[in-house]
Amino acid sequence: MKKIATLLLAAGLVFGAATGVSAIDFKAKGQWIMSFDYGQNHAFTGGNGRTGNGNGEDEFEARQRVRLQLDAVASEALSGTVFFEIGDQLWGRANGIANRGAGGALGADGVAVEVKRAYIDWIVPETDLKVRMGIQGIALPSFTTGTQVLDDDMAGISLNYQFNENVGLTAFWARLYNDNGSYTTASGRTYNNYMDNLDAFALLLPLSFDGVKVTPWAMYAAIGPNTFRGTNPVAGNTNWSNFAGLGGFVRAGMLPVNGSMRKDGSFAGKRWNLYGDAFWAGLTGEVTAFDPFRIAWDVNYGDVRYDDSRSRRHGWLASLLFEYKLDWGIPGIYGWYATGDDNNPANGSERMPTLSANGTNGFSNFAFSGNPYIARDTVLGRTMVGTWGVGARLKDMSFLEDLKHTFRINLIGGTNSRGMAKYISAGGTRNGAWNTLTGANSPGVGMDPLYMTTGDTALEFGLTNTYQMYENFTVMLDANYIATWLDKSRNVWGRSVMNGRSDQVRDPWNVNLSFVYSF
């Protein structure tokens, strides 16, 4: 009897405790993408029999990606989110990044599941202060192209407070890197995880009035002297070129005595002992008071300084957009300008520094990072730094139900000095200019697939068609072509810089067909 009474008492306690637990509402969201590409991408040069994609990809590729998000909602004041990503999986490829199993080859079963985001949302009691903690997506504001400074997943804390219907305030601290560095001195002494953090702090002030929205913002980042030294995994990361946009990095695998990297890819002959200081500020906004007219703009400035002044990087980027909304579509014209390098390799870079701008580019689906799904893009640059451009588009044209079209044309030029082209290198040798031109992932500071100089011009044509087949199922056909006129003079992209290789230029193009199921 005592045992039965004990079991009944324990059961009563369990059920009693269960009745006091609040119910959790689980919500699921997700997206499946199947994407098929065909074209000549990044293949700016055709010397030595080179064909197809200049960065080692095939002319035809099929790939897929799955994203699943689960929200555990306790109340309006408390919830948790975990966001998984499977892929991108390239059909037929056995190994992915860092030799992890991609699962695209025969037999599948790849190690391709990633935790993209994992955070909690809560509200401070008796206030309207919203807090988000964990790995989350953070993007700086933009009303035209999408931010050209920071848009990615990162670990940190973000705060949001709405004072009234007109004024709000957002702040965040993000720890982008820490405890990844390792290097060995010439004497054989090894240092691990020492002064290798990169922390970013930002304030945003969104202001909203009748017909006008304006958001001034500022961000500071502290860059440890060992953040990108030695075995730091960023050296093998696909975002290396974005982070190289900060300037002044130490090349992976180099001893500390080799010091900082300059804009031409060479190294200062001294070791860093101090943090780098990075600062950005911007003013972005839109005016819709004259509806159906819309005017939008972004102005951004950035400056990164190190103890080696030759590794400094500073510059600005501004963009402007005019749109007019019609019943059948939205015609618009726009332009942008970003500062570029001068011809002096010893005075730092004049290109605006960037962190990781992987968001959608509203002006370009192909030349820059504008494709909304997983088609190939960033053909000219990961960001618009070092370029200028003017363009026109007809957005969301619709003549049949559930079918929309967007046509765009962009004239793009470079703002980097022609004299700098001969210095751009992988490790300080001039033949790196050839690597840059052909789209190689050179570790030179701020490298893009194409380092556009004032003598280089490109004309981009793009047509995007989206068909809403079902409520949750979209089919997109995206076609793009870039005509290029590159400076083939002796000291820019001619044979003397390319070490005798052919300077034949091939125009990149791509056709993508994507099937997207979202719920």
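Visitor: Where is Ser-349 found?
Guide: Ser-349 sits in the loop between β16 and β17 (356-357); a strand is a DSSP run of E with at least two residues, numbered from the N terminus. This is a predicted model, in which local features need pLDDT of at least 70, side-chain atom pairs count only at pLDDT 80 or more, and totals for chains, interfaces and linings use all residues. Residues are numbered from 1 along each chain as its sequence is written, and side-chain values use heavy atoms, leaving out hydrogens and water.

Visitor: Why is Ser-349 counted as buried?
Guide: Buried means under 20% relative accessible area, exposed means over 50%, and partly exposed lies in between (1.4 Å probe, protein chains only). Ser-349 has 3% relative accessibility, so Ser-349 counts as buried.

Visitor: What makes the pair of Ser-349 and Asp-341 a polar contact?
Guide: The term covers N or O atoms within 3.5 Å; within protein, one must be able to donate a hydrogen and the other to accept it, and residues adjacent in sequence count only if both atoms are side-chain atoms. The side chains of Ser-349 and Asp-341 make such a contact at 2.6 Å.

Visitor: Why is the pair of Arg-305 and Asp-303 called a salt bridge?
Guide: The term requires a side-chain nitrogen of Lys or Arg within 4 Å of a carboxyl oxygen of Asp or Glu. In Arg-305 and Asp-303 the closest N and O atoms are 3.1 Å apart, so the pair qualifies.

Visitor: How do you know whether Arg-305 is buried or partly exposed?
Guide: The relative accessible area of Arg-305 is 45%, so Arg-305 is partly exposed. Asp-303 has 8% and is therefore buried.

Visitor: What other salt bridges are there?
Guide: The structure holds 15 salt bridges. Among them, Arg-63 meets Glu-61 at 2.3 Å, N to O, and both residues are buried. Lys-116 meets Glu-85 at 4.0 Å, N to O. Lys-116 lies in β4 (residues 113-123) and Glu-85 in β3 (residues 78-90), so this pair ties together parts 31 residues apart in sequence. Lys-116 and Glu-85 also belong to a network of salt bridges with Arg-67, Arg-117 and Asp-153.

Definitions and conventions:
Helices (H or I, at least four residues) and strands (E, at least two) are DSSP runs, numbered from the N terminus.
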